[in-house]
Structures are given as structure tokens and as C-alpha cells.
Amino acid sequence: MKTTSDDCKNVDARYSCRNGIVMAVKERNVTVRVRQASSCSTCKIQHLCGTSENRQLLVSATLVKGEQIAVGDEVELIAEPFIEQKASWLAFGVPLAIVLLWLPVAVFGIGLSDWLSVVSALGWVIAYVLLMRHWRSRWEGRFALSARKVHCLAEEQGSEELSIE
């Protein structure tokens, strides 16, 4: 989730942000529909090749304190700095490190055959995944998104009418 020129203009650049539409509200938790666009969908000549892709995703987030949000409101989903890197490291970096560190130990240190070393490395990765799943509740708060209502110019000016001259 990167900040774009159209989304999240009032969000500090250190935070990742994306706009979406509220689909459901339950206490302080909201479900937000966001549009995920591939690079093709922003291409100026996409109509010539027909390969553009857009997907609708449903994302869970926690309301910022004091926000009143209803279904259909536009919100900004805000992620803490470096949240994508932390999640990527835990999902891909650590398992890769486990495999890369275990294989030399298994082959040269213990003397296992190649196929048995690979199978045992996969066993360590599976054990890591199961451990992360067991500790899911510890991680949920650290990777949560916040949602706050997008305030348009008309709302900020109260009941004054906007006129175009």
C-alpha cells in the first residue's frame, strides 16, 4: 500500500495509505473495499491490448478513536511505517533463512543425504509456520490497519456552499 497522488493527501509520508469504501461496521472494526490495480490498469494505452486488471479486496481495519463511520463512507486505510517489510520478512525471509542455515548443517555437519536434508529443512519451515500460527494473537495487533474517514472540502467548510467562478 503506497501513498498515491489521489489517495491519502493528509497522511504523513512515512505511513502507507489507501482509500476505500466501508462495507460493514461492527463496533470499532470495519470492513473496507479497496481497489487493487495492476500496473496495466494505469497504462495510457491499455485499451489497445485489453490486459488491464482490477480486483476488489475486502480488508479489515480498526477505527481511529473518535471517528464515526457508516456503511458507504470513504475512508483512508493507514498502515504503520515499514509494516510491509516486517510482514514480508516474517513470511518469506525467516523461512528462507531457516532453509539456508539448516541445509549446510544437515549435509556437512550431520552427514544427512541431500534429499533427507531438504525434507528436514521443509520440516523446520513447517514447524516455524505452525509456531507463527499458534502465536497469531500476539501478531494481530502489530499488523493492524487503522481507518479514518476522508473529510471532503464541503464538510470542512460546514454549510457554506462552494461556488465555481
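Tutor: We'll go from the fold to salt bridges, the core and the surface.

Student: What kind of model is it, and how are residues numbered?

Tutor: This is a predicted model: local features need pLDDT of at least 70, side-chain atom pairs count only at pLDDT 80 or more, and totals for chains, interfaces and linings use all residues. Residues are numbered from 1 along each chain as its sequence is written, and side-chain values use heavy atoms, with hydrogens and water left out.

Student: How many helices and strands does the protein chain have?

Tutor: Five helices and five strands. Both are DSSP runs, numbered from the N terminus: helices are H or I with at least four residues, strands are E with at least two. The order along the sequence is β-β-α-β-β-α-α-α-β-α.

Student: What share of the chain counts as buried?

Tutor: 23% of the 165 residues. Buried means under 20% relative accessible area, exposed means over 50%, and partly exposed is in between (1.4 Å probe, protein chains only).

Student: And contacts between residues at least 6 apart in sequence: what percentage join residues at least 24 apart?

Tutor: 62%. A contact is heavy atoms within 4.5 Å.

Student: Switching to charges. How many salt bridges are there?

Tutor: Two. The criterion is a side-chain nitrogen of Lys or Arg within 4 Å of a carboxyl oxygen of Asp or Glu. One of them pairs Asp 73 with Lys 149, with closest N and O atoms 3.7 Å apart. Asp 73 sits in the loop between β3 (54–63) and β4 (74–79), while Lys 149 is in strand β5 (residues 146–149), 76 residues apart.

Student: Is Asp 73 buried or exposed?

Tutor: Buried, because its relative accessibility is 18%.

Student: What does Arg 148 pair with?

Tutor: Glu 76, with the closest N and O atoms at 2.7 Å. Arg 148 is in strand β5 and Glu 76 in strand β4, so this bridge ties together parts 72 residues apart in sequence. Glu 76 is buried at 6% relative accessible area. Arg 148 is partly exposed at 24%.

Student: How do β4 and β5 run, parallel or antiparallel?

Tutor: Antiparallel, joined by four bridges. Strands pair if DSSP finds at least two bridges between them. Ile 78 stands opposite Ser 146 in β5.

Student: Why call β4 largely enclosed?

Tutor: Because five of its six residues are buried.

Student: Which residues have the most contacts inside the largest nonpolar core?

Tutor: Val 30, Val 32, Ala 61, Val 75, Leu 77 and Ala 147, in a core of 14 residues. β2 (29–37), β3 and β4 each supply at least two residues of this core. A nonpolar core here is a set of buried Ala, Val, Leu, Ile, Met, Phe, Trp, Tyr and Cys residues joined through side-chain atoms within 4.5 Å.

Student: Last one: what about Ile 110?

Tutor: Ile 110 is in helix α2 (residues 83–110). Ile 110 is exposed, at 53% relative accessible area. Leaving aside neighbours within four places in sequence, Ile 110 contacts Trp 102 and Val 105.
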